[in-house]
Amino acid sequence: MRTLLAIALVFSTGVACRVGTDATLSPRSPAPPASLENNLLGEVVVVEPASFAVLDKFRNSGSVPFNPTSSAPPFIQVFDPDFYSILGSNPSLSEIASNASFAFAHEAPIYYSDTDEVFFSTNNGGALGNSGLNKNNLIGKIGMAAVEAALASGQSPANVPIELLDFPESIQMTNGGTGPYNGSLLLITSGRGDRPPSIVLVNPKPPYNATVLLNNFFGRQFNSLNDIKVHPTGKIFFTDVTYGSVLGFRPPPALPNQVYRLDPVTKAVKVVATDFSMCNGLAFTEDGSVAYVSDTGSTAGQTRPSTIYAFDVDPNSHAFTNRRVFAYADTGIPDGIQVDTEGNVYSGTGDGVNVWNSRGTLLGKFFINMTSANMAFAGDGRLVILAETKIFLAKIAAKPIRTLVYPPPGPAA
């Protein structure tokens, strides 16, 4: 059997396509739409699956990114032509902030449209996070108007200043966030030492006053709460996992790794899904009928899950049922999850942001060659990608689901 070799051809549009040397085994990739060819702003690299179906050199680990064209990051990697509808006619991927010595852009991304700002948390307990058992992590924000101005001026890469905020002491080791929820930031914290993990509402404007909604399960502290999303019904769902203990800033775990539901009116809490290695990211489809949960157990060994599971959400009990494998991340772990209006699923992984359609087919990647724990839409067509020591902005055609905000805004005119 002949080994399929692939070469990269760069057309006048700046689009790199993967073309097999044996046309009978590897037909040419579908060309990008004419509108994309004529208006391309960022590099788009097409990698057809047939071009690497048979190889003679291999990756030894899932920690090594898959970049068969050896393209210089950041770039947009296309595995399926359906990715073009997500990208639109003028896609771009730009670095907009950086600090090599500080993991300032970790998780909890929330877009607050009133001020056109994105909030996020610094790394809690990990490398370059400047936090741990004896020091809390921080919340920062970046102004999108300043980002747009920097990009319009031709700065590449841009380094827009980040503002670090002084949040109340009741907020310890923020790891997840969503909303706005009734106009506030909805944060989830991992806790620190004997200070409990919690769900907290925070005013997005000074003085950033906070209200703790929940900090226990029938008198027992959670392990280290991780991610949070609001269902279209207004119920709050969240994951609890043992990373706080693993990273040394929380006691040994006392509960299983599980997904919970909080009724914000009655404050009743219940378990809706269990039996995970390390449940992590969480998201819903726009109608709330399907939930996605990432299991990042492979942080303890690469034969463990690096998997996103899909569930049906029972309309009455809200229990997660009919568990099935949705996708497996080929590089690193699938961490935070977002969903767009077409049902496509985005997750931060070891090489950037991976995008699957609703059937679990990998369409493409926003390839940055470094780990992204989470990302968020900053309005229509702007995907802000957190990458620990950097932030990137992808300008695309996709839009966030309306139900990410609660109560959801009315339909667009």
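This note walks through a few residues and ring pairs in the structure.

1. Ground rules. This is a predicted model, where local features need pLDDT of at least 70, side-chain atom pairs count only at pLDDT 80 or more, and totals for chains, interfaces and linings use all residues. Residues are numbered from 1 along each chain as its sequence is written, and side-chain values use heavy atoms, with hydrogens and water left out.

2. Aspartate 263. Look in the loop between β16 (258-262) and β17 (269-273). Strands are DSSP runs of E, at least two residues long, numbered from the N terminus. Aspartate 263 is buried (under 20% relative accessible area, with exposed over 50% and partly exposed in between; 1.4 Å probe, protein chains only). Lys and Arg count as positive, Asp and Glu as negative; His and the chain ends are not counted. A polar atom of the aspartate 263 side chain lies 2.8 Å from the backbone nitrogen of valine 265.

3. Glutamate 95. This residue is in strand β5 (residues 92-98). Glutamate 95 is buried, at 15% relative accessible area. Its side chain makes a polar contact of 3.3 Å with that of lysine 390. A polar contact is a pair of N or O atoms within 3.5 Å; within protein, one must be able to donate a hydrogen and the other to accept it, and residues adjacent in sequence count only if both atoms are side-chain atoms.

4. Ring pairs. The count comes to 21 aromatic pairs. Rings of Phe, Tyr and Trp (its six-membered ring) pair if their centres lie within 6.5 Å; planes under 30 degrees apart are stacked, over 60 edge-to-face, the rest tilted. Phenylalanine 52 and phenylalanine 66 pair edge-to-face, with centres 4.9 Å apart and 70 degrees between the planes. Both lie in the loop between β3 (44-46) and β4 (75-78), so the pair ties together parts 14 residues apart in sequence. Phenylalanine 52 is partly exposed, at 23%. Phenylalanine 66 is buried, at 17%.

5. Arginine 323. Its charged end sits over the ring of tyrosine 309, 4.0 Å from the centre. Arginine 323 also lies over the face of phenylalanine 276, at 5.0 Å from the ring centre. The rule asks for NZ of Lys or CZ of Arg within 6 Å of the ring centre and within 35 degrees of the ring normal.

Methods: Helices (H or I, at least four residues) and strands (E, at least two) are DSSP runs, numbered from the N terminus. A salt bridge is a side-chain nitrogen of Lys or Arg within 4 Å of a carboxyl oxygen of Asp or Glu.
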